[in-house]
Amino acid sequence: MTLLTRLNITVPIIQAPMAGVSTPALASAVSNAGGLGSLGVGATDANGARKMIEETRALTDRAFNVNLFVHATPTADSAREAAWCDSLRPLFAAYNAEPPGALRTIYQSFADDDAMFRMLLDTAPPVVSFHFGLPDAERIKALKAAGCTLLATATNLGEAQAIADAGCDAIVAQGFEAGGHRGMFDPAAPDAMLGTFALTRLLVKNTALPVIAAGGIMDGAGVRAALDLGAIAAQLGTAFVACPESSADAAYREALSSDAAHHTTMTTAISGRPARGLANRFTAWGAQTSAQPPDYPIAYDAGKALNAAAKAAGETGFGAQWAGQGAPLHRPMPAADLLALLHKETQ
């Protein structure tokens with residue numbers, strides 16, 4: 001029995017987790033239409049994640065995915081953080097605001113979050129996926145014993161082999177085209193910047209686990225190409241941002257339909273880790289500054305404060321408007337309609 005069959009997934013499409021954008025309404029709509037909907041819970045705590053899982057279960061009896069961030073525990077560095085805030089000071093001043101007096105670790109890694117681990121064992125979502133790395137062997141063993149199917153993101157063959165060795169059930173091959181944060185285990189290591197299709201084929205040929213292609217795929221032709229390369233499914237994120245069920249705000253949706261969609265860029269300025277988003281005032285500043293951001297997600301605390309100050313003054317060009325290189329191909333429509341269209345195009 002294949003992984004998709006076991007999960008009763010009839011359309012080989014996964015809606016990417018997209019923490020901050022995915023909602024129970026979006027995930028359940030995709031799952032109810034035959035795909036695999038996803039919740040990104042890396043930006044909330046155990047109670048918030050439990051609520052999202054319960055809301056999703058109330059809307060679908062089909063499988064869905066719960067995605068966690070497993071980044072390395074950040075190292076606080078007050079001098080580096082102060083220097084970063086000083087570099088941002090002119091941007092804050094333009095909106096009559098000051099940078100935060102101190103920066104916080106706003107997201108706890110799943111590797112350090114015992115409450116999240118206990119909650120997952122209690123709720124046992126059908127699928128659990130990991131981004132930025134892997135939890136320890138004990139957590140993987142316990143989640144599998146609870147009946148969870150486990151996925152993890154790889155950006156290269158070495159990471160894929162680590163995922164296989166850890167006992168996960170499938171690998172998400174995240175190409176450089178993908179929107180949002182790079183799933184690389186070590187953001188300080190050299191990035192081979194492998195494209196989605198090259199990476200997918202590399203992992204299909206060199207690992208025994210099922211591979212899910214992710215990055216830049218926006219329509220059925222892209223899904224079909226991924227399947228032809230040996231992937232069992234394609235994961236699409238940017239394609240679902242404009243769905244009414246997503247929590248993307250009006251500025252994000254407007255930017256996605258603007259010329260910025262043709263100029264996505266990789267930046268570390270917003271969060272402290274490489275992430276691809278729509279070109280805006282923040283990414284432009286990040287491209288020219290020589291300042292080094294603090295560790296993820298400490299830098300994100302400053303980025304969110306700057307965005308809030310700018311938005312209060314009517315400026316929306318400092319948001320984390322994550323999007324992949326296929327952004328101009330997005331089609332705003334309800335998630336179930338989009339999944340049906342994607343399935344038709346794939347066939």
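## Salt bridges

A salt bridge is counted here when a side-chain nitrogen of Lys or Arg lies within 4 Å of a carboxyl oxygen of Asp or Glu. By that criterion, a search of the whole structure, which is a predicted model, finds 12 salt bridges.

One of them joins the side chains of Asp122 and Arg50, with an N to O distance of 2.8 Å. This pair connects distant parts of the chain, since Asp122 belongs to helix α5 (residues 114-123) and Arg50 to helix α3 (residues 46-59), 72 residues apart. Asp122 is exposed because its relative accessible area of 53% is over 50%, whereas Arg50, with a relative accessible area of 26%, is partly exposed.

Asp169 lies in the loop between α7 (157-166) and β6 (170-174), while Lys144 is in helix α6 (residues 137-145), 25 residues apart. Asp169 has a relative accessible area of 18%, and is therefore buried, the limit being under 20%; Lys144, at 34% relative accessibility, counts as partly exposed.

## A three-stranded sheet

Three strands form an open, antiparallel sheet in the order β7-β11-β10. Its edge strands are β7 (180-181) and β10 (265-267), each of which pairs on one side only. Between β10 and strand β11 (residues 275-277) the antiparallel pairing runs over three bridges, and Thr265 has Gly277 in β11 as its bridge partner.

## The second largest pocket

The second largest pocket holds about 460 Å³ of space. It is lined by 23 residues, of which Pro187, Ala188, Gly272, Arg273 and Pro274 are the closest to its centre. Sorted by class, the lining comprises 12 nonpolar, five polar and six charged residues.

## The start of the chain

For residues 1-27, an unreviewed UniProt entry lists "signal peptide". In the model, this span is 30% helix and 11% strand, and its end C-alpha atoms lie 24 Å apart.

Terms used
Residues numbered from 1 in each chain as written. Predicted model: local features only at pLDDT ≥ 70, side-chain atom pairs only at ≥ 80, totals over all residues. Heavy atoms only, no water. 1 Å grid on protein atoms, 1.4 Å probe; cavity = no way out; pocket = protein on both sides within 12 Å on 5 of 7 lines; lining within 4 Å. Points joined across faces, edges and corners; volume = space filled by probe spheres on them. Nonpolar A, V, L, I, M, F, W, Y, C, P; charged D, E, K, R; others polar. Pairing = 2+ DSSP bridges. Helix = DSSP H or I, 4+ residues; strand = E, 2+ residues; numbered from the N terminus. UniProt positions renumbered as here; feature names shortened; annotations may be inferred. Buried < 20%, exposed > 50% of the residue type's maximum accessible area, 1.4 Å probe, protein only.
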